[in-house]
Amino acid sequence: MPYRKKAITAADGQGRSVPFAPDAPVLCRARDYSPGTVIPLHHHPDRHQLVYAETGVLVVQAGAGRWVVPSTRAIWMPVGMGHKVSCIGAVGMRSLYILPSAIAHPPGTASTVSVTPLLAALIRAAVEVPQPYRQDSRDGRVMQLILDELQTLPVLPLHLPQPLDPRLQAIARRLESAPDDPSTLQDWARRLSVDVKTIQRLCARELGMTFGQWRQQARLLRALERLAHGDKIIDVALSLGYASPSAFTAMFKKRFGQRPSQFFH
């Protein structure tokens with residue numbers, strides 16, 4: 001199905017939809033979504049997008065990948081890339097739309113990034129900027145500072161690559177439905193009637209990681225979704241196949257740099 005190009009709009013003070021200035025380097029839109037909302041596959045043909053989860057958690061599918069975007073984080077979406085967004089819990093989404101010519105060195109691929117306190121404050125200010133704005137005004141300087149901050153955002157390990165090979169896809173479906181499945185490489189080799197080394201080569205070629213790293217990432221990203229729902233750490237840890245909450249916490253901190261109890265604060 002072909003993409004449909006949609007005009008980017010904002011709301012004025014009375015909640016009416018008004019078009020953004022087409023030549024503005026940076027545009028900002030605020031939207032609040034109820035739990036379970038799914039934004040169907042779409043793309044933005046003329047602008048990069050930074051999708052910021054001010055509250056709630058987003059799950060974004062784009063290309064051959066899946067990203068989890070917890071509150072106070074964001075995903076960078078390059079111009080033209082199709083993406084589908086699912087809301088975990090109530091979500092306060094703040095989106096920046098950036099002209100490709102306005103940013104010198106944008107990330108070349110979709111990636112989850114950390115949002116600094118300064119950028120978060122700038123995004124809150126940008127929501128209130130009227131359209132159109134003068135670039136030599138206070139509003140224009142706020143938008144320029146946003147462009148400066150976008151160049152410094154650290155990329156976070158919140159991406160789960162999706163394979164194209166049908167044999168790895170069978171494993172991916174199992175990891176999605178039963179992330180606590182303890183099956184080893186040898187188990188999967190028998191089920192798929194292939195050599196263990198074949199699976200290892202496929203994981204390296206298509207995923208850029210080992211089977212064990214892939215399964216661990218799938219579990220940790222599922223944990224983020226569960227924790228965002230308010231599930232207890234002990235319940236999340238045991239349901240994902242960890243021997244104890246402490247083992248889960250240690251792995252979580254090693255991967256994300258924070259304990260699960262700190263991650264959403």
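Helices and strands here are DSSP runs, numbered from the N terminus. I am working from a predicted model.

**Entry: a proline in a loop**
I started with P132, which lies in the loop between α1 (117-127) and α2 (138-150). I found a cis peptide bond joining Q131 and P132, with omega at about -10°.

**Entry: positive phi**
T72 has one of about 70°, and I located T72 in the loop between β6 (65-69) and β7 (73-77). T72 is partly exposed, at 33% relative accessible area. S193 also turned up, with phi of about 55°. S193 is exposed, with a relative accessible area of 68%, and belongs to the loop between α4 and α5.

How are α4 and α5 packed? Helix α4 (residues 185-192) and helix α5 (residues 196-207) cross at about 105°, with axes 8 Å apart. Angles of 65 to 115 degrees count as roughly perpendicular, so α4 and α5 are roughly perpendicular to each other. From α4, I noted L185, Q186, W188, A189 and L192 meeting V196, I199 and Q200 of α5. By class, that contact has six nonpolar, two polar and no charged residues.

**Entry: cores**
Which residues touch the most other members of the largest nonpolar core? Among its 34 residues, they are W214 and F248. The helix giving the most to this core is α6, with eight residues. I then listed the contacts of W214 beyond four places in sequence; they include L160, L168, I171, C203 and M209. Apart from this core I found another, of 27 residues, with L50, I98, Y133 and L147 among them.

Key. Residues are numbered from 1 along each chain as its sequence is written. This is a predicted model: local features need pLDDT of at least 70, side-chain atom pairs count only at pLDDT 80 or more; totals for chains, interfaces and linings use all residues. Side-chain values use heavy atoms; hydrogens and water are left out. Axes are lines fitted to C-alpha atoms, for helices over the stretch in contact, and angles run from 0 to 180 degrees between N-to-C directions. Helices (H or I, at least four residues) and strands (E, at least two) are DSSP runs, numbered from the N terminus. Angles under 35 degrees count as roughly parallel, over 145 as roughly antiparallel, 65 to 115 as roughly perpendicular and the rest as oblique. Contact means heavy atoms within 4.5 Å. Ala, Val, Leu, Ile, Met, Phe, Trp, Tyr, Cys and Pro count as nonpolar, Asp, Glu, Lys and Arg as charged, and the others, Gly among them, as polar. A nonpolar core is a set of buried Ala, Val, Leu, Ile, Met, Phe, Trp, Tyr and Cys residues joined through side-chain atoms within 4.5 Å. Buried means under 20% relative accessible area, exposed over 50%, partly exposed in between (1.4 Å probe, protein chains only).
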